[in-house]
Amino acid sequence: MTFDSGILARGALLLAASFALILAAWAKPVQAAIVLDGTRIVISSDARSVTLGMQNTGDVPVLAQNWIDDGRQDALPADIQVPFILSPAIVRVEPSGSAVVRISYTREPLPADRESLFYLNVMETPPRVAGAENALMFNIRTRIKIFFRPVALKQEVGNAPAKLDWKLARSAAGKTVLEVANPTPYHVTLVGIELLSKSGRIDAGSGMVAPFDTARFELASAGVSPTQQGLSVRYEIVNDYGGLQTQDKRLLD
């Protein structure tokens, strides 16, 4: 007996689609119970340690596993070496309760002329409920930026957003992109980037530009030439406290 591979493939697709619809019908929104007290952490090189609070907004106890990574978000905690001690590594947070994690700098050398970037991870695991052994359990990870800032750079961070230089450039694929150069020693997080012209606004997304580096952002629509003049960019930056500040800047010709 022979089988038509095309019929089998179509049947498999229909089965997968039906299964996906069943899952969607039964699925409930998955939300994190653990809420952190901030969206970013700034550690000055002269600080002994910093703390961050977390709240359990759920109605069951949660185990929170905490670790710091160096940008490799998929690496195992045991495989990551960072110059910080995080305590506690695991904490149980009761319903409507809170906990505090402490991050201490171990004084290992880091660049003194610019910020260094790390990430705090908080993985929450709900308890297993008796009689629900076959239930689907979700581990939810929250990951926020840690900016390690040399003490000599503490005073000028507020001036960094205005010092960014923007221009239009051509990507390797031949598309017109918005390029930003960061001449400062700070990481600048950008949201709501828009290219402004007489004909309107073009969305360019969001992202981050590292110290003394450049970043490129794809424009949501075409029709802009890298040689076009008289353009400007409007963007919001996220400050140390998680607040947004709007900045306007003319593009370099």
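Visitor: What is the volume of the second largest pocket?

Guide: The second largest pocket has a volume of about 270 Å³, counted as the space filled by probe spheres set on grid points joined across faces, edges and corners. Of its 18 lining residues (those with an atom within 4 Å of a point), V157, I237, V238, N239 and D240 are the closest to its centre. This is a predicted model: local features need pLDDT of at least 70, side-chain atom pairs count only at pLDDT 80 or more, and totals for chains, interfaces and linings use all residues. Numbering starts from 1 along each chain as its sequence is written, and side-chain values use heavy atoms, without hydrogens and water.

Visitor: What makes it a pocket?

Guide: On a 1 Å grid over the protein atoms alone, a pocket is an open set of points with protein on both sides within 12 Å along at least five of seven lines. Here β9, β12 (188-197) and β16 (232-238) each supply at least two lining residues.

Visitor: Why are β2 and β6 said to stand at the edges?

Guide: The open sheet has the order β2-β9-β8-β4-β6, with mixed pairing. β2 (40-44) and β6 (90-93) each have a single partner strand, so one side of each lacks a neighbour in the sheet. Strands are DSSP runs (E, at least two residues), and two pair if DSSP finds at least two bridges between them.

Visitor: How do you know that β8 and β9 pair?

Guide: Nine bridges join β8 (residues 116-125) to β9 (residues 140-149), and a pair needs at least two. The two strands run antiparallel, and S116 has F148 in β9 as its bridge partner.

Technical notes:
Helices (H or I, at least four residues) and strands (E, at least two) are DSSP runs, numbered from the N terminus. On a 1 Å grid over the protein atoms alone, a cavity is a set of points where a 1.4 Å probe fits but cannot get out, and a pocket is an open set with protein on both sides within 12 Å along at least five of seven lines; lining residues have an atom within 4 Å of a point.
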